[in-house]
Amino acid sequence: MSLYIWKKQQRGFLMDQNDDSLYGASEADFFRKRTKSWDKRDLEKFDLMLKYCEGCNRLVDIGCGWGKFLEIASSHVDEVWGVDESVEMTKGVEQNCPSAKVVICRADNLDLPSDYFDIAVTSQLLHEIKLFGMLDELYKSLSEIKRVLAVGGKHLLVDHLDAGDGNVDVFLPPDKANLLQEFESKFEYYQAKHSVMAGDIIRIPRRTLQDFLTKDAYLNSPMESMEMNETHNVFTREETEQYLDAVGLAMQEWTEFTDISHDLMKKGGRFISGKPWMRKFLCVAVKTE
Ligand SMILES: C[S@@+](CC[C@H](N)C(=O)[O-])C[C@H]1O[C@@H](n2cnc3c(N)ncnc32)[C@H](O)[C@@H]1O
């Protein structure tokens, strides 16, 4: 049994014996249905990524899922390739983006040509590799991304930003406070706990608020087990730069986006004390040699 499968079993997943990818048929089905109702805000990461694709001839999206970004990029880029470890997740790429070449493989062992792409995108892939992969898998994946980029090529890295230490006080309507309690009772990655200050005002760690606001939609769904065993507080800027540095990719730009206060507002809540923050980042890293 590979360490990868062992680690996933340790984290409580029900594994399909013939498929060791994180997303099996039921997770992929849920994910696809959910993303059909994505609004503008859910798609803002793709709009941001597209801005860096000007003049790009060859693009690969690693962890492309059902191919939403491939579809968007294909009207601006000559050649688009999609990579994913999960056959189930890529069902739909053919329909969404008929011109895309799809390769089923893992990010740490890319079945792709060397020195070929102008842009390699990873959107919400690397946190899964960091949290569920083997110890050196993140480094191996970044080394592979560097290998497949042409000199001067760019890695566009979008992922979850760590909200950092500390607490904030927020107002939550009673039904959402009940949902938070359900979330805290099911979340296993760390002990998630808030305290009640007065009435509907609670004190909550920044990281717990971020995990709750971005994971409540997965409660009682086929994705619940996976989501309750990982966090959406993953990378800091310093750490990301170190990872990139270690494989010889140079960080060129860093942008933070997606305001947590909008997630809170969508639940009828608001900040009472403590400053809101951005919960995602886009980093541009260049292969210089
Ligand atoms: C959270 S989804 C992100 C999908 C899409 N990129 C987006 O931004 O919405 C992560 C995707 O990465 C794939 N994936 C996870 N680990 C992988 C690995 N080690 N190698 C290749 N693909 C992987 C999953 O199958 C899934 O399709």
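Guide: The ligand is surrounded by 20 residues, and the closest are Lys-45, Gly-63, Asp-84, Ala-107 and Ser-123; a residue is taken as near a molecule if one of its heavy atoms lies within 4 Å of it. This is a predicted model, in which local features need pLDDT of at least 70 and side-chain atom pairs count only at pLDDT 80 or more, while totals for chains, interfaces and linings use all residues. Residues are numbered from 1 along each chain as its sequence is written, and side-chain values use heavy atoms, with hydrogens and water left out.

The side chain of Asp-84 places an N or O atom 2.6 Å from an oxygen atom of the ligand. For Lys-45, the distance from a side-chain N or O atom to a ligand oxygen is 2.8 Å. Arg-106 has a side-chain N or O atom 3.3 Å from a nitrogen atom of the ligand. Taken alone, the ligand exposes 600 Å², of which the protein buries 97%; accessible areas come from the Shrake-Rupley method with a 1.4 Å probe. Two or more residues of the shell come from each of the elements α3 (44-51) and α7 (126-132); helices are DSSP runs of H or I with at least four residues. By type, the shell divides into nine nonpolar, five polar and six charged residues, with Gly counted as polar.

Glu-182 is partly exposed at 26% relative accessibility, and Lys-186 is partly exposed at 24%; buried means under 20% relative accessible area, exposed over 50%, and partly exposed in between, with a 1.4 Å probe and protein chains only. Salt bridges that share partners also join Arg-41, Asp-263 and Arg-279 into one network. Another salt bridge links Glu-88 and Lys-91, whose closest N and O atoms are 3.1 Å apart. Glu-88 is partly exposed at 21%, as is Lys-91 at 43%.

How values were computed. A polar contact is a pair of N or O atoms within 3.5 Å; within protein, one must be able to donate a hydrogen and the other to accept it, and residues adjacent in sequence count only if both atoms are side-chain atoms. A salt bridge is a side-chain nitrogen of Lys or Arg within 4 Å of a carboxyl oxygen of Asp or Glu.
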